[in-house]
Amino acid sequence: MFLVIIMTVSSLMLLNAQTDDKFQSYGVHEDVVKPSMVNEFEALMKELSANVKKHNIPELNWITAATSDFRYLHLYPIANMADLDKNNFKLLGDKMGADKLAELFKNMDKCMSQHFDYVLRLDKELTYMPAGITQTPEGQNYRRFYYLRYTPLQEEKLIASLTAIKAAFKKINSKMDYRVYRSGFGAGGDYFLVAIAGKDVVSYEIMTLENDKLLGEEGGKVFSEMLKNLSKMEEISGSMRPDLTPSSK
């Protein structure tokens, strides 16, 4: 069911779900949508969001990112284990009708090849956003996502590389912000997810070229060192979709 994480969890989940000065944890529900069903899926998402707004369910609050490979990632903040145990959609079902909500979910399921839940943790120390951390910088809905996959033996050196990259960005007073997430319980393997926002694809590419020029040869060496500590890197484009969330206006 949409945005509901399994209620039976292990002690590992407790560890990965904690929120403190260093981390902010998020539950993620990922829908892998059939390419031919994208329009229908988005129409159903808008219907769901409209009902959340209509019936005023503040407990249901998420942001949605759509990727170029037809995945929809719905993120919602969690503070502790209790947040994962809550089925806030029952509150919506009580107001709009449980049968009507179940039918909506059933129709959404028809649009997907699979869907699953996991936890991501925003690493505030590795994130570079000098003006303050936000997942939704105004006017910048374009996204580029980098999945930095690693083995357990590579983790320590990879963290050192990400720390060095942040230092290099600080040194040049880079205007290119980014957020770094760590994979948590239920995620497919060990990885860091780097999310970079831009106005659009053209603006993003220009920003990247300008930033690389400022970083120069020294910055290039830092990135080369990082690549040595990866088992795989995946680059995916996407966009934030405020029109698919209850907070859209």
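I started with a charge over a ring: Arg 121 lies over the face of Phe 23, at 4.6 Å from the ring centre. My test for this asks for NZ of Lys or CZ of Arg within 6 Å of the ring centre and within 35 degrees of the ring normal.

A note on the source: this is a predicted model, where local features need pLDDT of at least 70, side-chain atom pairs count only at pLDDT 80 or more, and totals for chains, interfaces and linings use all residues. Residues are numbered from 1 along each chain as its sequence is written, and side-chain values use heavy atoms, with hydrogens and water left out.

Next I searched the whole structure for aromatic pairs and found twelve. Rings of Phe, Tyr and Trp (its six-membered ring) pair if their centres lie within 6.5 Å; planes under 30 degrees apart are stacked, over 60 edge-to-face, the rest tilted. One of the pairs is Trp 62 with Phe 89, tilted, at 6.3 Å centre to centre and 35 degrees between the planes. I see Trp 62 in the loop between α2 (38–54) and β2 (63–67), and Phe 89 in helix α4 (residues 89–96), 27 residues apart. Helices (H or I, at least four residues) and strands (E, at least two) are DSSP runs, numbered from the N terminus.

What does Phe 89 form with Phe 105? I found an edge-to-face pair, 5.4 Å centre to centre with 75 degrees between the planes. Phe 89 lies in helix α4 and Phe 105 in helix α5 (residues 98–109), so this pair ties together parts 16 residues apart in sequence.

I also noted that ring pairs link Tyr 128, Phe 169, Tyr 178 and Phe 223 into a cluster.
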